[in-house]
Amino acid sequence: MKSKLVLFIVVAVIFQPIIGQDSLMTILSKEMEREMKELSQQENPPYYIDYRVDDIKSLGLHASFGSLIQENEDRARVITVNVKVGDYNFDNTHEFKGEFSQPYQNALGTVRIPLEDNPEAISQIIWRAVDQNYKNASSNFTALKNRKNRYNEQDVILDFSKEYPVEYFEPVYPDETFKIDKDDWIKRLKEYTTLFQGDSTIFHCEAALSFVYDRKYFLSTENSHIIQNSIYCQVQFMVSIRHNKGTLLPLNKSYTAFHPADLPKHEVIIQDIKNLYQTLKKLQTSELAEPYAGPAILSPEASGVFFHEIFGHRIEGHRLENISDGQTFKDKLNTKVLPKGFNVISDPTLQQFNDQDLIGYYKYDDQGIEGKKVQVVEDGILKHFLMSRRPTKEFSSSTGHGRAQAGFLPVSRQSNLIIESANPLSDEDLRKMLIKACKKQDKEFGYYFKSVVGGLTITDRYNTNVFNITPTKVYKIYVDGRPDELVSGVELIGTPLTMFSNIEAAGNVKKVFTGFCGAESGHIPVTAISPALFVRKIETQKSPEYDSKIPLLNEPEYE
Amino acid sequence: MNLNMNNPNTNIKISRMFIFSYYKRLILQSLFTLYFCFSLNAHITQDSVILSAMKDELNRNINDLSLPGYDKPFYIAYTIVDVQNFEVNATLGALLSSDDDRYKDWHVRVMVGDYDLNDENYSYTKPQEAIFRPSIQMPAEDDYLGIRRSLWLTTNNVYHSAAQTYKSKVDLIKHKQLNKSDLEIPDFSKAPVENIYINSPMLRYNKHDLEQKARSISAVLKKYAEIHASGASLSVVESVVYFVNSEGSVVRYPLSLASVTVYAETMAEDGETIKHGITYVENDPDKLPSADSIIEDTKILAENLIELRNAVRLEENYSGPVLLQNEAAAGLFENLFFNKSENLIASRESLQSSSQMNVYYSQNDFSLESKIDKLVIAKNLSVISKPGLKKYNEIPLLGSFIIDAEGVIPQKNLILIEKGVLKTLLNGRTPSRNVPESNGHNRFSYSEGNFIKQVGPGVIKVENTEGIAFEQLKKSLIEQGKEEGLTEVILIKPLNVGGSVKPMNIYSIAVKTGEEHLLRGLKIIPAELSVLKRNVACSDNYFVSNVMVKVSYPSDMIQRNYLTGSLGLEGMPASFIVPDAVLIDEMNFSPIRKSLTSLTPTISNPVK
């Protein structure tokens, strides 16, 4: 009792300044206190409430073939409330074995609150959101409690981990931080896409700049008060060319940084786009590859996506107690899951890698828990899962990986996923290994997956547990020493455990893949940092094919 | 689970634009006066970029577009709507959002064949093709080559589809040994070439002022603890329509709309949610009522909601006579004439090929086409379309327009129903069995930021030859109730506030005492046009209702829902001039079921 009291006093003394420093936090705190007080009179009072507010400013510019096709600038404040009824041991989110899990979205979906710090206007909207969420939580809890006796649960796992409260405050960024020279950027985007004019086989060409600043608020009835900034900008190119046989081949390129000033220089991007065009022209006449099973090298970027999909999603803690999930690694802790010498780390505290900004970085997660570096695999042995506040049998506390898009409730998700090898090999050595393996498997060639656009995986047990990676640049490496040959129309497919057992070696240069990962708690920014991988056996399938026709008339300027 | 290097949240608007660019659509909308100029070239200065791009691309395509083995196009039309949008939402005095957007909506129509027989009005099972055709979004800027590039690809795609469809149609006709004369209805009607250029200064709305207006209107609802949610939204859509076709028409005119919506929600003690709103629509934000005037209306709205919390619940079904006043009367006519599937809009039957290769015209059982020259409503009523009428009793008419979306000047006085007998229907350039020519009613309807073309009303007058004073109508209502052995009859009257969409209060009148009670907890069962065929007694006064009509869209005939933001502008601007009170023999109402679980808030409203 005494220790609790001391904690309370310390907390109160520390938190007062944060509430005082930010008028929105003051409004949110007062409303939370009022609601908790009134709800405490209910038969099933909540034991926990949290609010998240994402105050998001965004700017988007899109150009195509030298014209600006879209320009938008928005600001929105989105609130997400989480009301929990019961207690840490057993609450309204409890999942009995054999029953499907709770929805991951708020009762009222995406709720917007005013952009201005008006106490009555903000409080009334929150009141309705909390009231509805409380009603749902309370009725779920009653229903679950009534079913409790029906299940004889052997493992007593908390429904919500007990954590320390946090107070953290970052000052708001000055206006200049979110300012860019819009006219200059429009000019640049137009110039990038002008490079593709006059080629009737380029079917789609778009350059876009997006710049997003999210000032994130978190507060809970456990006395956590957090205000942090999240910012990133991205330049993207999406181009498709018509293959000589009619199908369409996409090629993408993107650059990401926290601030536009840190994006590559204009000249560098121009040169990259010129190179991209050269690659597209080579792809246009490249061979459309047949399905294949055999050895392959995955470039660092391709390996990053590969690991994110086949490995990263299977170490997200909340899945492992869910009966409907494939639970690939549930009972694999302290066993060998990857070749000796392989390490896998999830590190949300990392802000840069080789001068590249990492958008998987955050200070606190969306449950108000400090993001911690997690050694997931050490020397090939599985050591830890990525934990939100949903405990597993083995891990009772969060590692600060509870993440969600605004409007969704957090589950355990990835941040910056880092793959390392204690025995890195040079590109030349990887190539030698590939050729050796090809010979052994009696293959004329192996594959080199150079760049990828993304991938997907399925982890539940009601569907086939497969993954699919979409490469954009793939080369055949011939055993007989012929030059490497660019091919197209290939997708990398497979099942997780077979893949893990086929990874044999890693390269000595790590690179970053930056992406937006979509799962049950929405889309979140992530990165994967990986060396190249040599895989003894992979499988490919043909990409979907679309017949495409060149327009009957020439482009207007070339009529 | 998926990972993508592109942020999925940044491309939403792009995909929307790509999707609709594939479809063949035409254009149109109403507009409001200003001046005509028939000398096009003299006035094309700043617009020259858009119109030049349209004309140059149209000329190139109509002359050169040709797919080997297929016919060339015989008709091409382009429409570009250059749009500037602004929308602000506020609640209890604070801004929730304030967004503006600039874009161009565009439509391309390409026909292969000729006026009598072309690729349109034909349904067949197209072969499944996995063919990808490129398209480029129309630039927001006035970018000559950008506009042409977008038109070039869309024309290419629409032409491919039209050419293949036409070939299939001709092959079918040949195969079945039909002659052109066997096809009873031509596919496209001829229309005069129009060169119309209506200049207008761009609206000069002040964003800051509109934000302040939304704040001040919404703030007044802070005074009502019974209101659980509320807001005010203000929306301005300012656009210019450009239309060119291969017949030589060149048209440019402004098309603007502005609205304010104020809404509020409360809950009765038994958990019934009661929400109402008022929407004001004008063609210029400066014509919208002042903040003070809307605030006064908002107070009435809030007090009415509080009164409704304690109103009597309808406990059993009602079927009997109903007296409708003002917007309720206009809503009844609007719904029966234009929202229902059986309405005053021409219906084209399309040529179909069945699996047995029979060729026939589709049958539209709901169309009023077959009832031309027949009695469809009571003999004391006539319905006339007067699209050119700008004002009625000094009230400006929102639905007035000069030219339609197909570049056709509408017929000024079009009698749709004469003394109960159906004479014709509204139509565009696609002939129907009984309406072979366009009467200029293919108009623009605003939907989720896009302008879509649809045949629909502009200004509609319902004339009544036997006007009866309101008090007399009320007496008749009670008498009728008595005759039917009812204890109560129903009166629907709108709340006494401004605006075009407003709450409709439903009252029961005791037939014995004449006492009126406000009702809640009921819904209206949609009526059919036949309700107007029986006794319809109307008042001797006319009333104007300016509304956004959702044509052929099932809607509550009276209790129109308010929509916030630009949604408040969804539909086609129209005006109804109707008798201000209408007594009909029968309407049906049913009670809304009560919830058995408590829906009332567990926590008290923080606004006290």
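Predicted model: local features only at pLDDT ≥ 70, side-chain atom pairs only at ≥ 80, totals over all residues.
Begin by selecting residues 488-494 and 504-510 of chain B, which are strands β23 and β24 of that chain and which run antiparallel, joined by seven bridges. To see one of these bridges, pick B:Val489 and look across to β24(B), where its partner is B:Ile509.

Five residues lie between β24(B) and β25(B), which together form a hairpin, and in the turn B:Gly514 has a positive phi of about 80°.

Now turn to the contact between the chains, to which chain A gives 71 residues and chain B gives 56. On the side of chain B that touches chain A, the elements to select, each giving two or more residues, are β1 (2-4), α1 (12-21), α3 (48-64), β3 (94-112), β5 (131-132) and α4 (144-175) of chain B. Of these, α4(B) supplies the largest share, seven residues. Colouring that side of chain B by residue class gives 26 nonpolar, 18 polar and twelve charged residues.

Finish at β5(B), which runs parallel to strand β24 of chain A, residues 547-548, with two bridges joining the two strands. Selecting A:Ser548 leads across to B:Phe132, its bridge partner in β5(B).

Technical notes:
Residues numbered from 1 in each chain as written. Chains lettered and ligands numbered in written order. Contact = placed C-beta atoms within 7 Å. Helix = DSSP H or I, 4+ residues; strand = E, 2+ residues; numbered from the N terminus. Nonpolar A, V, L, I, M, F, W, Y, C, P; charged D, E, K, R; others polar. Pairing = 2+ DSSP bridges.
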